[in-house]
Amino acid sequence: MAVKTVLIVYAHQSAGSFNAAVKDAAVDVLKKQGCTVLVSDLYEIKFKATATEEDITGAVKNPEHFCYGEETMLAWQEGRLASDIVEEHKKLKEADLVIFQFPMYWFSVPAIMKGWMDRVLTLGFAYTSEKRYSAGIFRVLAPQVFWAPTHLSAEARDSLLKGWRTRLHGLLSEAPLSFPPVDSFDKVKGFQLKSEVHDKQADSPFGLTVGHHLEKPLPPQSQMKAGV
């Protein structure tokens, strides 16, 4: 089997945290499987979290109405993105698998992790209007959720880490979550579900997505697992 490269995008301030232990377990198990493991430790490198004109070298196309997505796509095409973004792009191009490791802050990722997503997942490089849903570049695996580890005993936390290590042994062969085909939606009508798809789905026991559940349960291996 060809050597796989795994990128871990990691956001926690403390090397003594449970998040750090989870990250270290991933590095250890994956390296023992022969993987090359890259780690972007966002707090360690003091990653800039704000998406601004400073992410572009040289003049912007429209300084009177700065549109970050369009301007950074042009800068990416012309090789004018900030060096820290370029460095993360290099890691992403090498990676066969990306793991986002972070604590939940107010039902979301920490600001520094959100900043990585905003700045590094550049329009054109990481996605386009055509590359979404089933046509997307990144396939998504089910998350590994650790519920309230700070309120658990040391033994319980060890049990969680053991379960994570077990999963890591088969992570590279896991089936990704399913997403509806991009051609199920009408681009002209703001990506509304096409009427013919709606009619075809009438005989199915399952709906399609959270927004198009059609008053039916979603498929077992659907995007709902990504929000558990």
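1. A word on terms before we start: helices (H or I, at least four residues) and strands (E, at least two) are DSSP runs, numbered from the N terminus. By that naming, K46 is found in the loop between β2 (36-41) and α2 (68-77). K46 is not a glycine, yet has a positive phi of about 55°. For background, most residues other than glycine have a negative phi. K46 is also exposed, with a relative accessible area of 70%; here exposed means over 50%, buried under 20%, and partly exposed in between (1.4 Å probe, protein chains only).

2. Please keep in mind that this is a predicted model, in which local features need pLDDT of at least 70 and side-chain atom pairs count only at pLDDT 80 or more, while totals for chains, interfaces and linings use all residues. Residues are numbered from 1 along each chain as its sequence is written, and side-chain values use heavy atoms, with hydrogens and water left out.

3. Now the overall layout. The chain has 6 helices and 5 strands, and from the N terminus on they run β-α-β-α-α-β-α-α-β-β-α. Along the principal axes, the C-alpha atoms fill a box of roughly 55 × 55 × 40 Å. Of the 228 residues, 35% count as buried. Taking contact to mean heavy atoms within 4.5 Å, residues 24 or more positions apart account for 64% of the contacts with a separation of 6 or more.

4. Next, surface and charge. The accessible surface of the chain comes to about 13800 Å², and 56% of that belongs to carbon and sulfur atoms; the areas come from the Shrake-Rupley method with a 1.4 Å probe, and for residues only the protein chains shown count as cover. There are 26 positive and 27 negative side chains, with the centres of the two sets 5 Å apart. In this count Lys and Arg are positive and Asp and Glu negative, while His and the chain ends are not counted. The place of a charge is taken as NZ of Lys, CZ of Arg, CG of Asp or CD of Glu.

5. Which residues have the most contacts inside the largest nonpolar core? They are V6, I8, L30, I99, W164 and L168, in a core of 20 residues. A nonpolar core here is a set of buried Ala, Val, Leu, Ile, Met, Phe, Trp, Tyr and Cys residues joined through side-chain atoms within 4.5 Å. At least two residues of this core come from each of β1 (5-10), α1 (18-32), β3 (97-101) and α5 (154-168). The most is given by α1, with 8 residues. Apart from this core lies another, of 15 residues, among them V9, V109, I112 and F125. In soluble globular proteins, nonpolar side chains tend to be buried together.

6. L168 deserves a look of its own. Not counting residues up to four places away in sequence, L168 touches A25, A26, V29, L30 and Q33.

7. On to salt bridges, where a side-chain nitrogen of Lys or Arg is within 4 Å of a carboxyl oxygen of Asp or Glu. The count comes to 10. E88 pairs with K91, their closest N and O atoms being 3.1 Å apart. Because E88 and K91 are 3 residues apart in helix α3 (residues 83-94), they are separated by about one helical turn. Both E88 and K91 are buried.

8. R167 counts as buried, at 16% relative accessibility, whereas E174 is partly exposed, at 27%.

9. Two more residues to check on screen. V3 lies in the segment before β1 and is exposed, with a relative accessible area of 57%. V3 and T36 are 33 residues apart in sequence and 7.2 Å apart in space, C-alpha to C-alpha. F107 lies in the loop between β3 and α4, has a positive phi of about 65° although not a glycine, and is exposed at 79% relative accessible area.
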